[in-house]
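Visitor: Could you walk me through the pockets in this protein? I'd like to start with what lines them.

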Amino acid sequence: MQGYSEIDHVMMARALRLAERGAWTTRPNPMVGCVLVRDGEVVGEGWHRRPGGAHAEVLAIEAAGDSARGATAYVSLEPCAHTGRTGPCADALIAAGVSRVVAAMRDPFPQVDGSGFDRLRAAGIEVAHGLMDAEAQALNRGYVSRLVRGRPWLRVKLAMSLDGHTALESGESKWISGEASRRDVMRWRARSGALLTGSGTVMADDPQLTVRLEDDAEVAPPLRVVLDPGLATIARGRVREGDAPTLYVHAANAKPPRDFGSERVSVPAVGNALDLAAVLRVLADRGINEVQVEAGATLAGAFMRAGLVDEVLLYIAPVLLGAQARPLFAGLQIQDMTQRMRMHVQESVSVGDDLRLRLVPLPAAVDADAGAAG
């Protein structure tokens, strides 16, 4: 296994922090950061800001100038070796005269996927990769998911009361969580390629599904996706307003009006509902890396039953809604403890008066093993 020094770890951590600065603007491209170090000193750094713009390595080289020669390049993702909207970063590093490249992870993009490393090595540059690979994979989990699994990373955002409910029996849900949590949600929306809801939520809550931040931060507006099998909501709702694009996903037998006015696509049905896996494939084909679902218990439960939920962003508010209120996930049909669905707590953070949990569903086999061990 490749050995890494303390400075290698410090500089790769710095490259990853730089990469994360592009979380709201780089999609569908991955977030990438690069740090150039010579004689123990940082001589240049950069991060990929937006599609079509200079890549992290090129910006770092420009910042370093002649000091790039003989430097070590720490980059969070394998340098590209193909020409897209910009030239190959591997060639830029070679031309700059760097002596060593340390990458966190290999790029699963088919036109790269090891060829960047091969090109660097062929030019006599020392190459190492795998340092902080897990952190790099987590940072670009949506990009990796789209390329490796053929579907975006799916996050379900929910807010619930202390007694486990998301809305009153009538469907009213504004506001369970506090103002600080609502501001926090906007930051999660900002990193999402798509914000997805169902026709029931459009009719009940009339959401805008836009990113509204208090500062002047640059954000690429996420695609708003409405799952509406019969196109019942096409003439209503704030989800059609503003500059953010809106996509309606409907059943094949739906009959849209001639003056539809918004983009739409049909997917197959499974019973009386849309094929959710097919919905995610459609979004992957559009370059969507991360999807944030903001919907009621029915659609959230449908994604969970289908095994498509990668993480749950759950805000727990210090309020009670009573026994008749609506649950987090509808339709799970859990009859005994052997069917329970366990979650791993990835993160627990106080947000104002609320508690935010980031939860990852555990595979059934993991849950069975845990039960046997108990």
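**Pockets and their linings**

Guide: Keeping in mind that this is a predicted model, the lining of the largest pocket divides into 22 nonpolar, 11 polar and 17 charged residues.

Visitor: OK, and what volume does the largest pocket have?

Guide: The volume of the largest pocket comes to about 1,400 Å³. Its lining is made up of 50 residues, and those closest to the centre of the pocket are Thr201, Asp205, Glu294, Ala295 and Gly296.

Visitor: Switching topic, how much space lies in the second largest pocket?

Guide: The second largest pocket holds about 640 Å³ of space. It is lined by 22 residues, of which Glu20, Arg141, Trp188, Arg191 and Arg358 are the closest to its centre.

Visitor: Which elements give two or more residues there, in the lining of the second largest pocket?

Guide: They are helix H1 (6–20), helix H5 (133–139), H7, strand E17 (343–351) and strand E18 (354–361). Of the elements, H5 gives the most to the lining of the second largest pocket, with 5 residues.

Visitor: How many residues of each class are in the lining of the second largest pocket?

Guide: The lining of the second largest pocket has 11 charged, 9 nonpolar and 2 polar residues.

Methods
Residues numbered from 1 in each chain as written. Predicted model: local features only at pLDDT ≥ 70, side-chain atom pairs only at ≥ 80, totals over all residues. Heavy atoms only, no water. 1 Å grid on protein atoms, 1.4 Å probe; cavity = no way out; pocket = protein on both sides within 12 Å on 5 of 7 lines; lining within 4 Å. Points joined across faces, edges and corners; volume = space filled by probe spheres on them. Nonpolar A, V, L, I, M, F, W, Y, C, P; charged D, E, K, R; others polar. Helix = DSSP H or I, 4+ residues; strand = E, 2+ residues; numbered from the N terminus.
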